[in-house]
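Here are a few notes to read with the structure open beside you. Take the points one by one and find each residue as you go.

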Amino acid sequence: MDEKREDRAKDVADEGRREALGCLAAWSGAALVWTVVGGVPRAQAADGEGVAQDGLAFVQISDTHLGFHREANPDVQGSLRRAIADINALAKRPAFVVHTGDVSHLSRPEEFDLARQMLKDIRVDRVHTIPGEHDALDDGVSGYLKFFDHDGKSKAWYSFDQGGVHFVALNNVLNFSTSRLAALGDEQLAWLKRDLAGLSHSTPVIVLAHIPLWTVYEPWGWGTADAAQAMALLRPFGSVTVLNGHIHQVLQKVEGNVALHTARSLAYPLPTPGQAGFGEPAPVKVPAGELGKLLGTRQIAVVRGQSRLAMVDTPLDH
């Protein structure tokens with residue numbers, strides 16, 4: 001991390017988080033492999049083979065914002081098509097894809113329908129989605145659930161198991177506002193407690209949530225008000241990884257054996273936390289030729305028996 005980035009991370013972190021472990025902002029075009037050993041991530045350059053060829057491999061995409069047409073990216077459909085082509089060209093076919101929210105831009109039925117049709121072009125067995133605040137603008141998540149009700153229970157949270165890993169998909173865009181932190185809510189936290197109750201603490205757990213489950217920058221609502229309650233339920237497990245979207249840039253934080261990661265968007269960049277000149281987060285227009293370096297996808301591999309979780313963040317322009 002260079003000196004300017006380190007200073008920026010220190011500016012947005014409160015004293016307690018600085019004492020624990022800072023945030024890493026990755027805006028460069030280079031792909032990184034994150035290897036997590038004992039809950040501590042280590043970065044290394046990605047080789048030509050990408051993530052490990054054994055174990056469970058899947059891909060994370062986020063913040064497609066279908067329906068967005070402004071100058072920061074007038075062709076978000078084209079960006080998603082490029083990502084789909086990249087995923088379909090991977091040497092190892094991923095088991096599935098996860099989309100960590102803001103599928104649509106304005107929660108319109110035609111945007112959700114377009115997303116559902118486009119995501120079918122990914123050559124995987126399943127695409128697991130969660131809602132972002134842009135998917136819950138008018139009538140909560142009811143419009144979203146008409147297209148993406150994964151377990152038929154009319155809830156935007158659910159769980160599933162694959163490859164010896166327990167996945168938990170959460171909805172933390174309830175009562176979203178840029179001026180306050182959104183929350184999971186008591187009903188969802190009670191469900192999470194029940195969902196985890198029967199698991200061995202040696203089971204790897206991967207959590208999907210749109211907004212970060214730590215407070216990145218409270219003035220912009222970049223955090224979850226009741227994240228501490230969720231973390232208390234997750235902390236007994238030996239390996240926990242949290243995958244978020246929302247802030248359109250790569251940050252990471254480690255709290256003991258819990259590793260938290262945000263992802264790039266497939267629509268447009270947002271300012272860095274608290275960036276001068278931005279009273280609130282808004283799409284950032286970048287010079288021609290630069291956009292594809294700031295949008296991208298993430299490959300993830302879970303290797304059983306090696307306590308290793310590898311991540312490769314790959315920009316669209318690579």
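1. Let's begin with serine 154: is this residue buried or exposed? Serine 154 is exposed, because its relative accessible area is 51% and the cut-off for exposed is over 50%. Look for serine 154 in the loop between helix H5 (142–145) and strand S6 (158–162). Its phi is positive, about 60°, although serine 154 is not a glycine. Most residues other than glycine have a negative phi.

2. Please keep in mind that this is a predicted model. The average pLDDT of the protein is 83, and 81% of the residues score at least 70.

3. Now for the overall picture. The protein has eight helices and 13 strands. Of its 318 residues, 54% are buried. Taking contacts between residues at least 6 apart in sequence, 71% join residues at least 24 apart.

4. Histidine 65 also has a positive phi, near 50°, and is a residue other than glycine. You will find histidine 65 in the loop between strand S3 (56–61) and H3. Histidine 65 counts as buried because its relative accessibility is 1%, and buried means under 20%.

5. What does the side chain of histidine 248 reach at 2.6 Å? The backbone oxygen of tyrosine 268. The side chain of histidine 248 also makes a polar contact of 3.2 Å with the side chain of aspartate 63. Beyond four places in sequence, the residues in contact with histidine 248 include His65, Ala263, Arg264 and Leu270.

6. Threonine 129 sits in strand S5 (residues 127–129). Threonine 129 is buried, with a relative accessible area of 1%. Its side chain and that of tyrosine 144 are joined by a polar contact of 2.7 Å. Setting aside residues up to four places away in sequence, threonine 129 touches several others, among them His99, Leu119, Phe148 and Tyr158.

7. Next, a hairpin. S10 and strand S11 (residues 258–262) pair in the antiparallel sense, over four bridges. Valine 254 is opposite alanine 259 in S11. The hairpin has two residues between its strands, and glycine 256 takes a positive phi near 65° there.

8. Helix H3 (residues 76–88) has 13 residues and spans 18 Å from its first C-alpha to its last, close to the 18 Å expected at 1.5 Å a residue. Its buried residues include Val76, Leu80, Ile84 and Ile87. In helix H7 (residues 227–234), the buried residues are Ala227, Ala230, Met231 and Leu234. Why are they on the same side of H7? Because they cover an arc of only 100° around the axis. Helix H6 (186–197), strand S8 (205–208), S9, S10 and S11 are included in what covers the buried residues of H7.

Technical notes
Residues numbered from 1 in each chain as written. Predicted model: local features only at pLDDT ≥ 70, side-chain atom pairs only at ≥ 80, totals over all residues. Heavy atoms only, no water. Contact = heavy atoms within 4.5 Å. Polar contact = N/O pair within 3.5 Å; in protein donor to acceptor, adjacent residues only side chain to side chain. Buried < 20%, exposed > 50% of the residue type's maximum accessible area, 1.4 Å probe, protein only. Pairing = 2+ DSSP bridges. Expected span 1.5 Å × (residues − 1). pLDDT = per-residue confidence, 0-100. Arc of directions from axis to C-beta.
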